[in-house]
Amino acid sequence: MEIRVQKEPDDGDALAVPVLESRASPAVEQRLSELVDPDRVRRLGDAYLVHVAEAEGGRDVVVVGLGKADELDSDAVRTAAAAATRQLHRSGSRLAWPLDGQLSVALEEQARAVVDGVLLGSYDPGSWKSEGKEVEPPQRLVLLTDEPSLEPGAERAARVAEWANRARDLANAPPNELTPERLAARAAEIAAGAAHLSAEALDPGRIEELGMGAFAAVARASHNPARLIVMRYEPPQAKGDVVLGLVGKAITFDSGGISLKPAQGMDEMKGDMAGGAAVVESMGAIAELGLPLRVLAVVAASENMIGGHAYRPGDIVRAMNGKTIEITNTDAEGRLVLADALAYAREQGATHVLDLATLTGAMQIALGDLYAGVFANDDRWLADVLAAGTASGDHLWPFPLHRRYRRYVDSSFADMKNSSDLRQGSPALAAEFLKEFVGEGPWAHIDMAGPGFLSRSRGDYLWQRGGTGYGVRLIVELARRLTEPAA
Ligand code: BES
Ligand code: MN
Ligand code: ZN
């Protein structure tokens, strides 16, 4: 989608008319009531498409509700923009959106939120339907303002949202298509199209050779071989010593293994690679934007299956860093693949590590579909990650790491076990488990089980079921902030 920043719409642009629930000036109210019943378009996300007569300019107008003034925030703007876009189902449509200096959301944020809403809100998850698309993004979006300085930010937001939509494609792809090998091929495809970005994929032989016994155990039962996807972005303009290490869980299908999951909802476990998808696609975004910092991505891609070669409850495996793990539940596979991926990322030189994973059902229960939970071993790094979450629209809430949780994963036989028999605190003890593998230096862990893959519409700009692209906007924002510490 093309972005323009200009003062007036062009002929043929559909004009958005965002309205707050509170009344506008009498003149505006008068004009509005000539178009639609104003009371039917004031609630957030209400949108009506009308065509104004040729005598009055002859254009499509989408009147869209912004909701209550005191509840207005970036997400509300995203939701309104998404609702407006869905009214323009004609392909090749063009939307002009007036930014408004009177609103409580700063112009720069408004611009970014409109772009997000339009692009994320026009994503169609039904690629496998035979009958074509139900929604499509407009061909171009015109932001109406007399601030030309808003253009680069809006342009960047568009690029990032497009990468987020590609991450959604991966999460929505069925597990018979999106195997670990296919995800690795996608990483290679991204690297081939970008400057200073490389991708390699380690096969099960290499994974064993590197001593990644935890990752290898999860992968054992599968006929689709695992891949450790490693991407490196090394731009010549990189500043400083920071190497951002992005680690992703990419279980392309999580059956639970021998600790089999119930049938209900198991189809959604195709989305258990959403963290890894966000990492892979955000590398494309970072390279496309040419951000001046080094980034290392390590994505552990595997199925978690059952079969004669499957790892079992009771098995003891040794991770790459030498620590031994008693398997007590084969459905706690995410922390096993992450254990080796985290150790590898640190070994390969990552200074600041962030992992993203759909790790625990309990996190989804705790925070629902809007917020992911974040754990960190370093307060500054936590603050950076939280700030990037807030600014990007990928919401985060901090959770505690505490050494007293460590005893939940004490094993009678090995250095630790992969799950507790207590149901308490499972996201926190998963984080304690991961902490054993992160080595020295700042690390943050995002458990995105809730917002990573939606079982039902969220009713906002992410109204579609399935993958959300959670993490792409956050990662790019974080990377950008690392390159300009003053921001
Ligand atoms: N992939 C799941 C977590 C999950 C559940 C993500 C629901 C999204 C929605 C993970 O591998 C898992 O099965 N976790 C178990 C861990 C338990 C066995 C310790 C869980 O949370 O129940
Ligand atoms: Mn599982
Ligand atoms: Zn899983």
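Modeller: Start with the backbone. A nitrogen atom of ligand 1 is 3.4 Å from a polar backbone atom of Thr358.

Modeller: Some ground rules. This is a predicted model, where local features need pLDDT of at least 70, side-chain atom pairs count only at pLDDT 80 or more, and totals for chains, interfaces and linings use all residues. Residues are numbered from 1 along each chain as its sequence is written, chains are lettered from A and ligands numbered from 1 in the order in which they are written, and side-chain values use heavy atoms, with hydrogens and water left out.

Colleague: Which elements each supply at least two residues of the shell around ligand 1?

Modeller: The shell divides into four nonpolar, six polar and seven charged residues. Here Ala, Val, Leu, Ile, Met, Phe, Trp, Tyr, Cys and Pro count as nonpolar, Asp, Glu, Lys and Arg as charged, and the others, Gly among them, as polar. The elements, taken as DSSP runs (helices H or I, at least four residues; strands E, at least two) numbered from the N terminus, are β9 (243-254) and α10 (361-367).

Colleague: How much space lies in the largest cavity?

Modeller: A cavity is a set of points, on a 1 Å grid over the protein atoms alone, where a 1.4 Å probe fits but cannot get out; lining residues have an atom within 4 Å of a point. The count comes to four cavities of 30 Å³ or more. With volume as the space filled by probe spheres set on the points, joined across faces, edges and corners, the largest has about 120 Å³.

Colleague: Which elements give two or more residues to its lining?

Modeller: The lining has three nonpolar, two polar and six charged residues. Among them are Arg112, Arg156 and Glu477. The elements are α3 (107-121), α4 (151-172) and α13 (472-483).

How values were computed
A polar contact is a pair of N or O atoms within 3.5 Å; within protein, one must be able to donate a hydrogen and the other to accept it, and residues adjacent in sequence count only if both atoms are side-chain atoms. On a 1 Å grid over the protein atoms alone, a cavity is a set of points where a 1.4 Å probe fits but cannot get out, and a pocket is an open set with protein on both sides within 12 Å along at least five of seven lines; lining residues have an atom within 4 Å of a point.
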